[in-house]
Amino acid sequence: MEKTRVSLLIENVDIFTVDDDYTEYKNGCIAVDGNTIVYVGDMQEGRAGYEGDEVIEGKGYLALPGLINTHTHSAMVLFRGYANDLPLWEWLSEKMWPLEDKIEADDAYWLSLLAMAEMIKAGTTTFSDMYMFMEETARGVDEVGLRAVLARGLQGPDESSDKRLKENRMLWERWEGKAGGRLKVMVGPHAIYTCSSDYLRECIELAKELDTGIHIHISETKGEVTESIEKHGKPPVLYLEELGLFEVPTLAAHCVHLQDEEVDILKDRNVSIAHCPYSNLKLASGFMPAAQFMEKGINVSLGTDSASSNNNLSILKEMQLASILGKAVAKSAQVLPAKEAVKMATINGAKALGWIDEIGSIEVGKRADIILLDTNKTHYRPIDDMTALLVYSGYSSDVDTVIVDGNILMDGRELRTIDLDRVYYEVDRIKERIMK
Ligand SMILES: [Zn+2]
């Protein structure tokens, strides 16, 4: 029988597909043609049917769908290690905002590139970003080869709030579906405490007009909830429901402090929550009861939030913490087992970003966003339940190879599409100028 020629074949590799049945293959094979997965399964059958232009020997590696970071502010890598040990409001208003005013467009490009390098090194293939100068981030995503959902961070009203809305619209016009379909654009109202009711209504209208979703922070701190009740007579989710926000697909970051009635609304409205446990803990915002919300049927994905409140952009780290913290909060070791945690980091993220048809699992017909982890490490021995080992023992530095849309972005931990020395040089210069 004649073999089908494909662009990439990964042989003898263990595979977590994260499909509906969570199918695993020992010594399996993945065939990729162009940007699409055309075969996943048994090695013998794969070798008999396919011949690869490029072949990766996968023995000793574990293939996973690329990890998905559903909430970050990538250019904030500039503030990594700065203004530690402060609660959210002081950290944001006294430390972050004054310095953010000094960031220029070209800075955002290099800072985003540093974030992307870190994310690739930690196995992230898709990220959802909310910040300023998103055109620059889009340009970086296009060049680097990652997949992203970008939203212009919006606050208002003030002298620049109309301009920001225009920038969000322009971002959509220029980048929605671009970079070979690797880019999407959402509308990004920052939060209810930085946007007025009228401004939020404008954001909702824009999202409806563009037929896209909204990415927003909701109920991150107790203070936000108290202020909402004082100002609007109701907690954040009820207030946003009344404004009509959830009529558009919504990605809500945090959701740490919710009343039962609010949880029901999020469920009914199919809102996805970007759970950012590390950032919530570092800023002492609280603990989101992930297991409880997932039992209710809410889609919970993972986010790192920015590198200044985390301080890494590692979804593997969030996955581990989400599982461990989820158990502690629920007072049950049985909740959020390892498989659930892997789903939060992959397929749930794809769902949260409206991208489930194309990414989030290793299945025939989906885009080839695949990572290979080197399992020939002390912390994986003796090898037994690989899912549990990955979630409870793995490190981001185990990620060896990163493939997005069929292209290899990292190989043997060497980045192929980012000149890291140049990025370090530029970021050091930016830091000198802004942080002085
Ligand atoms: Zn955030």
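Colleague: Which residues are domain 1 and domain 2 given?

Modeller: This is a predicted model, in which local features need pLDDT of at least 70, side-chain atom pairs count only at pLDDT 80 or more, and totals for chains, interfaces and linings use all residues. Residues are numbered from 1 along each chain as its sequence is written. Domain bounds come from an automatic or database domain assignment. That assignment gives domain 2 as 67–352 and domain 1 as 4–65 + 361–415.

Colleague: Which residue in the turn between β16 and β17 has a positive phi?

Modeller: Strand β17 (residues 414–415) pairs with β16 in the antiparallel sense over two bridges, with Glu-414 as the bridge partner of Asp-411. Two residues lie between the strands of this hairpin, and the one with a positive phi of about 60° is Gly-412.

Colleague: Which element supplies the largest share of the side of domain 1 that touches domain 2?

Modeller: The contact takes 22 residues from domain 1 and 26 residues from domain 2, where residues are in contact if their C-beta atoms, placed from the backbone, lie within 7 Å. On the domain 1 side, β15, β16 and α16 (386–393) each supply at least two residues. The largest share, four residues, comes from α16.

Methods: Pairing = 2+ DSSP bridges. Contact = placed C-beta atoms within 7 Å.
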